[in-house]
Amino acid sequence: MAPTDKKELTVEERLALAKKPGQDAMKMHPYYGGKIETVPKACIRTFDDFSIWYSPGVAEPCKAIAKDPELAYEHTCKWNTVAVVSDGTRVLGLGDIGPEAAMPVMEGKSMLFKYLGGVDCVPICLDTKDPDKIIETVRLLAPSFGGINLEDISNPKCFDILDELRKDCKIPVWHDDQQGTATVEVAGAMNAMKLVGKKFQDANVTICGAGAASLAIARLLLATGFKPDHLCMCDSKGILNQSRDDYESLHRLKKNICDQTNGAGKTGGLKEAMEGADILIAASKPGPGTIPPEYIDNMADDPVIFATANPVPEIWPWEAKEHGCKVFATGRSDFPNQVNNSMGFPAIFRGVLDVRAKTITDEMCIAAATELAKCAEEKGITEEYIVPNMSEEDVFPREAAAVAMKAVQQGVARINTTYEEEYERAAAIIARSRKLTANMMDTGFIKPYVE
């Protein structure tokens with residue numbers, strides 16, 4: 001939907017369009033009976049080939065891997081397969097809806113992994129909320145995968161689960177609601193500040209929400225050299241600072257924010273937190289109405305707002321624009337400026353898998369954010385285009401190559417490569433995935449949807 005079309009629409013028409021993806025989803029999900037499937041990738045010339053792919057021939061690669069487990073990357077799909085793991089306790093903005101209800105999201109995630117990054121993906125929804133059981137399950141599953149993507153797990157346990165798994169897993173484990181979201185939002189913030197003529201590191205940033213995404217955004221901003229005194233975070237109880245009554249009971253990551261940030265000494269709630277802010281990054285309760293439009297009036301000149309709650313942003317873009325917002329972004333694909341993790345995780349994992357990285361560092365995320373911002377800037381950033389979108393296929397191999405290079409530089413890659421080699425490899429894998437989908441649609445293996 002073109003942004004120019006929306007300017008001529010009434011509020012009622014805009015709201016109707018915003019609701020349409022959900023209405024279409026209720027028709028198309030049962031029509032297709034799920035969004036992904038498993039198909040062979042090796043030739044089956046005759047039934048005799050099963051003696052190669054299965055017994056007795058398969059015993060030879062099994063014996064080779066038993067002697068050297070690293071050969072699993074050569075002989076199996078491990079090199080290109082990621083597990084998306086969730087317990088369904090914080091799905092989108094819907095909250096604790098359970099593992100079965102989380103499956104459509106995890107399937108969708110797997111679809112994006114494949115189409116945008118050429119990464120094979122398995123959705124795994126666990127029937128437990130116990131962090132220790134989740135940790136143990138992922139450890140047990142790890143040998144089958146090249147990476148683990150934790151998804152939609154409530155905080156604060158999501159932080160502890162990630163930290164524990166990163167200690168001893170031999171494959172990269174990351175939490176996309178933290179690192180993925182933070183990567184793309186930092187990229188968007190870089191370009192938004194350029195548009196309004198302000199230096200990124202000197203900007204005053206207010207973060208609305210103190211969940212997994214918000215805390216990761218704060219950490220990544222600080223890792224880029226952003227001044228902690230210029231950052232103010234607000235949760236449902238008010239601004240995070242050392243004078244809060246509940247300071248001692250806060251999670252360790254929230255305590256760190258209290259100790260490091262809010263140089264202006266702000267107290268109060270969101271209204272006070274937004275005063276004088278150059279940019280507001282919201283990853284909190286779905287709206288509308290979470291951010292009252294009149295609060296924008298007291299922000300700095302040419303304010304920037306990222307309202308990224310799903311499925312409904314904390315404030316509608318037209319409301320924010322009426323109160324002077326210069327650049328507005330959401331997490332939705334049907335509005336301009338989608339600062340959503342879909343522009344991060346497929347390419348980041350592409351680069352990580354291709355060099356068999358042992359982990360995903362903040363520096364690798366910053367490399368991805370910087371490359372994303374650069375891609376958009378080269379095309380020409382505007383108030384309605386601050387990050388690339390999913391249709392820009394070349395962005396993904398560039399981002400993958402930037403991540404791979406940082407992994408090599410940091411010594412966490414098992415395979416050395418050059419930027420050019422990884423770009424070509426990633427571009428070929430991603431192009432194959434997109435062409436495969438197009439061919440299946442053209443030949444009817446993916447049946448057309450007709451309303």
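Q: What volume does the second largest cavity have?
A: It comes out at about 30 Å³. A cavity here is a set of points on a 1 Å grid over the protein atoms alone where a 1.4 Å probe fits but cannot get out. The volume is the space filled by probe spheres set on those points, which are joined across faces, edges and corners.

Q: And what kind of model are we looking at?
A: A predicted one, where local features need pLDDT of at least 70 and side-chain atom pairs count only at pLDDT 80 or more, while totals for chains, interfaces and linings use all residues. Residues are numbered from 1 along each chain as its sequence is written, and side-chain values use heavy atoms, with hydrogens and water left out.

Q: OK, back to that second largest cavity. Which residues line it?
A: A189, M193, F200, A203, V205, L221, F226, I279 and I281 (lining means an atom within 4 Å of a point). The elements giving two or more residues to this lining are α9 and β8 (279-282). Helices (H or I, at least four residues) and strands (E, at least two) are DSSP runs, numbered from the N terminus.

Q: How does the lining of the second largest cavity split by class?
A: Nine nonpolar, no polar and no charged residues. Ala, Val, Leu, Ile, Met, Phe, Trp, Tyr, Cys and Pro count as nonpolar, Asp, Glu, Lys and Arg as charged, and the others, Gly among them, as polar.

Q: How many cavities of 30 Å³ or more turn up in the whole structure?
A: Two. The largest cavity has a volume of about 40 Å³, and its lining is Y73, G146, P172, V352, L353, R356, A357 and R414. By class, that lining holds five nonpolar, one polar and two charged residues.

Q: What about open space, say the second largest pocket: how much is in there?
A: About 500 Å³. There are 23 lining residues, and G209, A210, S236, S284 and K285 are the closest to the centre. The lining of this pocket divides into eight nonpolar, 10 polar and five charged. A pocket is an open set of points with protein on both sides within 12 Å along at least five of seven lines.

Q: Switching to helices. At what angle do α9 and α15 pack?
A: About 40°, with the axes of α9 (residues 176-195) and α15 (residues 362-379) 8 Å apart. Axes are lines fitted to C-alpha atoms, for helices over the stretch in contact, and angles run from 0 to 180 degrees between N-to-C directions.

Q: Which residues meet there?
A: From α9, Q179, T183, V184, V186, A187, M190, N191 and K194; from α15, C365, A368, A369, T370, L372, A373, A376 and E377 (contact means heavy atoms within 4.5 Å). By class, the residues of this contact are 10 nonpolar, four polar and two charged.

Q: And how do α10 and α11 cross?
A: The axes of α10 (residues 212-223) and α11 (residues 252-260) come within 11 Å and cross at roughly 45°. L215, A218 and L222 in α10 meet L253, K254, I257 and Q260 in α11. That contact has five nonpolar residues, one polar and one charged.

Q: Where are the cis peptide bonds?
A: One joins N155 and P156, with omega about 10°, and P156 lies in the loop between β3 (147-150) and α8 (157-168). Another joins G287 and P288, with omega about 0°; P288 is in the loop between β8 and β9 (304-307).

Q: What's with the phi of D152?
A: The phi is positive, about 50°, although D152 is not a glycine. D152 lies in the loop between β3 and α8.
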